[in-house]
Amino acid sequence: MNIHEYQAKAILRKFGVPVPDGHVCYNGASAREWAKRLGEGPWVVKAQIHAGGRGKGGGVKLAKSASEVQLIARDMLGMTLRTHQTGPEGKVVHRVLVENGCNIARELYVSLVVDRNSSKVAVMASTEGGMDIEEVAAKTPEKIFTETIDPLVGLTQFQGRKIAFSLGLEGKQVGKAVKMLEALYTTFIACDCAMLEVNPLVVTAEGELLALDAKFGFDDNALFRHLQIGDMRDFDEEDPNEIEASQHDLSYISLTGNIGCLVNGAGLAMATMDIIKHYGGDPANFLDVGGGATIERVTEAFKIILSDRNVEGILVNIFGGIMKCDVIATGVIQAARQVALKVPLVVRLEGTNVEKGKELLAQSGLDIVAADGMADAAQKIVMAVSAKGGRA
Ligand code: GDP
Ligand code: MN
């Protein structure tokens, strides 16, 4: 799960990480009032969307007077912001952050991620703040400094100083950086983060260190421990199909192809996508109905897949282990009837009661293509979809 910058800054503030004072606003008039309450100006008005690159896309603007804050906020709210992270369709701005501006002397980069290779949290730091870190990593990887943290010891002062030196900090700023890094690490652990990025972390003309932008990624499996973070979820920022799916405990990710996939188990889902690709097809989604694929869930899964207008055919690939194949077949038949299926449907079943399952499908009178094995199933659905010759 992701959250907005203003929410991220509220969390950081709570853990003692210095951030500028600011407030989220939903209309121009309140932006103006909040600007006056926050200080003397200048202020920065920042579009709140779940995507970076806002600076270059016109989503971060400086205002010298409270009425300018109002005008900028009014224009920004409701606009479709396009950045290199939103894709060409962009994202509509529903909230803006009005914040006290600061005098930037240097822009640095710091992030914490779970490093799977070392099974530890890694702190990454770079003097190239304000830029896309992917670009820095590709062009000048020597400018990224990495330090891994021992989970039992935590981030030590020694490591904090090492990171501060790598950022070219000196004198009093070193101590400030160490404190900030410790606070960031505490935040990361306390909130069960998967990722925490501060870009830029700025050194002001007055010599203060501030987190000017912040991005969190949370471990969804730990969200039950953080109700307040869960409440920060903004459904406007998410794919409506993915929201619907999560309400039925289905793992669904929409992709760009035209073959809908209904599979049980994440590993089988990945293998199914691979084999579709292998035979020249393109999956429209990743959908894992899980181990307990009940009739209701299979029906919901069908509805979600079919609401994607790019879907021109569906491949059901299910291994009946705990869930028996005849139960799954019943679910597929019932779901196909309920949604009045109009696209080709290929079903591959394997496992417990597979014969009974196949029999049910054959007797259903529905236009279902039965397949034996993954390769056969993939070839059949790819053929069925290409035979249609695309959507009219
Ligand atoms: P992003 O482009 O979506 O990552 O948005 P950021 O919050 O990182 O802002 C982009 C850039 O705007 C920063 O790198 C800064 O250069 C600039 N910026 C943001 N806040 C301020 C501010 O308070 N004062 C000034 N002068 N520039 C700012
Ligand atoms: Mn940024």
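Which backbone atom of Asn199 lies 3.2 Å from an oxygen atom of ligand 1: what kind is it? It is a backbone N or O atom of Asn199. The points below go through this predicted model, starting with the chain as a whole.

1. Overall make-up. The chain has 392 residues, and 48% of them count as buried. It contains 14 helices and 18 strands. The C-alpha trace spans about 80 × 50 × 40 Å along its principal axes. The accessible surface of the chain is about 18800 Å², and carbon and sulfur atoms hold 53% of that.

2. Contacts along the chain. Take the contacts in the chain with a separation of 6 or more: 68% of these are between residues 24 or more positions apart.

3. The largest nonpolar core. This core has 42 residues, and the members that touch the most others are Leu12, Val110, Leu169, Leu184, Phe216 and Phe218. Among the elements that give two or more residues to the core are helix 1 (5-14), strand 7 (104-115), helix 7 (172-190) and strand 12 (215-218). Helix 7 gives the largest share, 9 residues.

4. Leaving out residues up to four places away in sequence, Leu169 touches Arg106, Leu108, Ala164, Val174, Ala177, Val203 and Leu209. There is also a second, separate core, with 30 residues, including Leu250, Ala301, Leu345 and Leu349.

5. Surroundings of ligand 1. The ligand is surrounded by 16 residues, and the closest are Lys46, Arg54, Gly55, Glu107 and Asp213. Four elements each supply at least two residues of this shell: strand 2 (43-47), helix 3 (54-57), strand 7 and strand 10.

6. Polar contacts of ligand 1. For Arg54, a polar side-chain atom lies 2.7 Å from an oxygen atom of the ligand. For Gly55, a backbone N or O atom is 2.9 Å from an oxygen atom of the ligand. Taken alone, ligand 1 exposes 570 Å², and the protein buries 79% of that.

7. The manganese ion. Ligand 2 is a manganese ion, coordinated by Asn199 (O) and Asp213 (OD) at 2.2 Å. These two residues are 14 residues apart: Asn199 is in strand 10, and Asp213 is in the loop between strand 11 and strand 12. Asn199 counts as buried because its relative accessibility is 14%, and buried means under 20%.

8. Gln7. This residue sits in helix 1. Is Gln7 buried or exposed? Gln7 has a relative accessible area of 7%, so it is buried. A polar atom of the Gln7 side chain lies 3.1 Å from the backbone oxygen of Met232. Apart from residues up to four places away in sequence, Gln7 touches Arg95 and Met232.

9. Tyr252. Strand 13 (residues 251-254) holds Tyr252. Its relative accessibility is 4%, and therefore Tyr252 counts as buried. Which residues are in contact with Tyr252, leaving aside its neighbours within four places in sequence? They are Asn241, Glu242, Ala245, Asn285, Phe286, Leu287, Ile304 and Asp308. Tyr252 and Leu287 are 35 residues apart along the chain, with their C-alpha atoms separated by 4.4 Å.

How values were computed
Residues numbered from 1 in each chain as written. Chains lettered and ligands numbered in written order. Predicted model: local features only at pLDDT ≥ 70, side-chain atom pairs only at ≥ 80, totals over all residues. Heavy atoms only, no water. Core = buried A, V, L, I, M, F, W, Y, C linked by side-chain atoms within 4.5 Å. Buried < 20%, exposed > 50% of the residue type's maximum accessible area, 1.4 Å probe, protein only. Contact = heavy atoms within 4.5 Å. Donors = N, O, S within 2.8 Å, 3.2 Å for Na, K, Ca; no water. Near = heavy atom within 4 Å. Polar contact = N/O pair within 3.5 Å; in protein donor to acceptor, adjacent residues only side chain to side chain. Areas by Shrake-Rupley, 256 points an atom, 1.4 Å probe, with all protein chains shown as cover.
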